[in-house]
Amino acid sequence: HFQAHADAGHLAVELGATAWPAEKFAAALQSGSVDLVLVYWHPALPFFKALDGGGFDHVTLARDRFVPFSRADASGAPMFRLPGPDKTRVSLISYGSASVLRPLVDDILERHQGTANTLLVSSNALSASVKALICEGFGLGWLPARFCATERADGVLVPAGDDRFGLDLEVRLYRRRDNTKPGLDRV
C-alpha cells in the first residue's frame with residue numbers, strides 16, 4: 001500500500017531510519033522533518049508519549065503480540081523457556097538501549113522477577129538480528145509474533161513462555177495534525 005503512494009510521488013521513504021535511536025522517530029515528527037512515522041506502540045514505550053498528547057493524529061494499522069520465542073528442539077519444544085528449570089538463568093537475546101523495543105523487554109522482566117531469570121548474552125539494535133540469533137539457538141528473545149510468522153510456520157521458532165510473558169502491541173502511523181501537505185491525507 002505504501003509503495004503505491006511512493007510511486008505516485010505522495011510519499012518518500014527514509015530508509016536510514018532503521019539506524020535511528022528510538023527517540024529520533026518522535027523528534028523527527030515533532031520537528032516536521034518527517035511527515036509520518038510508523039511504529040510499534042505500547043504504554044510502556046516512553047518515546048511516543050509526546051505524540052499521544054495534542055497536535056498529533058494516529059491510526060492503528062494492526063495489532064500484534066510481543067512474545068518470547070526460542071528455537072525449537074528436535075521434538076518441537078523450546079530449547080529455552082520461561083520460567084527456566086529450577087530458577088536457572090536462561091540465555092537472553094535482547095535489544096540495545098537505543099532500540100524502540102528494549103523498554104518492553106525491561107518492563108516484562110521487571111514484572112516477572114523471580115520467574116523470568118535471564119542472562120543477557122547479546123544486545124542488538126534490530127529485531128532482524130535478534131530473530132537471527134534466536135533461530136541459531138543462542139537463547140530466547142522477544143519478537144513481534146507477526147515478524148516471525150514464517151519461522152513459526154516452518155517449526156523453527158516456538159513460544160518460549162506462557163501468555164503472561166507476552167504483551168499486546170499496536171502498529172501505529174502518526175502524523176502532525178497541522179501538516180497540510182498535498183497527498184498526505186490520501187496516504
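**Exercise 1.** This is a predicted model. In which sense do strand E3 (residues 90-95) and strand E4 (residues 118-124) pair, and over how many bridges?

*Solution.* Start by finding the two strands and comparing their directions. E3 and E4 pair in the parallel sense, over six bridges. Together with helix H3 (residues 102-111), E3 and E4 form a right-handed β-α-β unit.

**Exercise 2.** Is Phe 56 buried or exposed?

*Solution.* First locate the residue: Phe 56 is in strand E2. Then check its relative accessible area, which is 12%. Buried means under 20%, so Phe 56 counts as buried.

**Exercise 3.** Which residues make the nonpolar surface patch of about 260 Å²?

*Solution.* The patch is made by Leu 38, Val 59 and Leu 61. Now take one of them, Val 59, which is in strand E2 (residues 56-71). Val 59 has a relative accessible area of 43%, so it is partly exposed.

**Exercise 4.** Which residues touch the most other members of the largest nonpolar core?

*Solution.* This core has 44 residues, and the ones touching the most other members are Val 37, Phe 48, Leu 51, Phe 66, Leu 140, Trp 142 and Leu 143. Elements giving two or more residues to the core include helix H2 (22-31), strand E1 (36-41) and strand E7 (167-176). H2 provides the largest share, five residues.

Technical notes
Residues numbered from 1 in each chain as written. Predicted model: local features only at pLDDT ≥ 70, side-chain atom pairs only at ≥ 80, totals over all residues. Heavy atoms only, no water. Patch = residues over 30% accessible without salt bridge, like charges linked within 9 Å, V, L, I, M, F, W, Y side chains within 5 Å. Areas by Shrake-Rupley, 256 points an atom, 1.4 Å probe, with all protein chains shown as cover. Salt bridge = Lys/Arg side-chain N within 4 Å of Asp/Glu carboxyl O. Helix = DSSP H or I, 4+ residues; strand = E, 2+ residues; numbered from the N terminus. Buried < 20%, exposed > 50% of the residue type's maximum accessible area, 1.4 Å probe, protein only. Pairing = 2+ DSSP bridges. Right-handed = clockwise from strand over helix to strand, strands pointing away. Core = buried A, V, L, I, M, F, W, Y, C linked by side-chain atoms within 4.5 Å.
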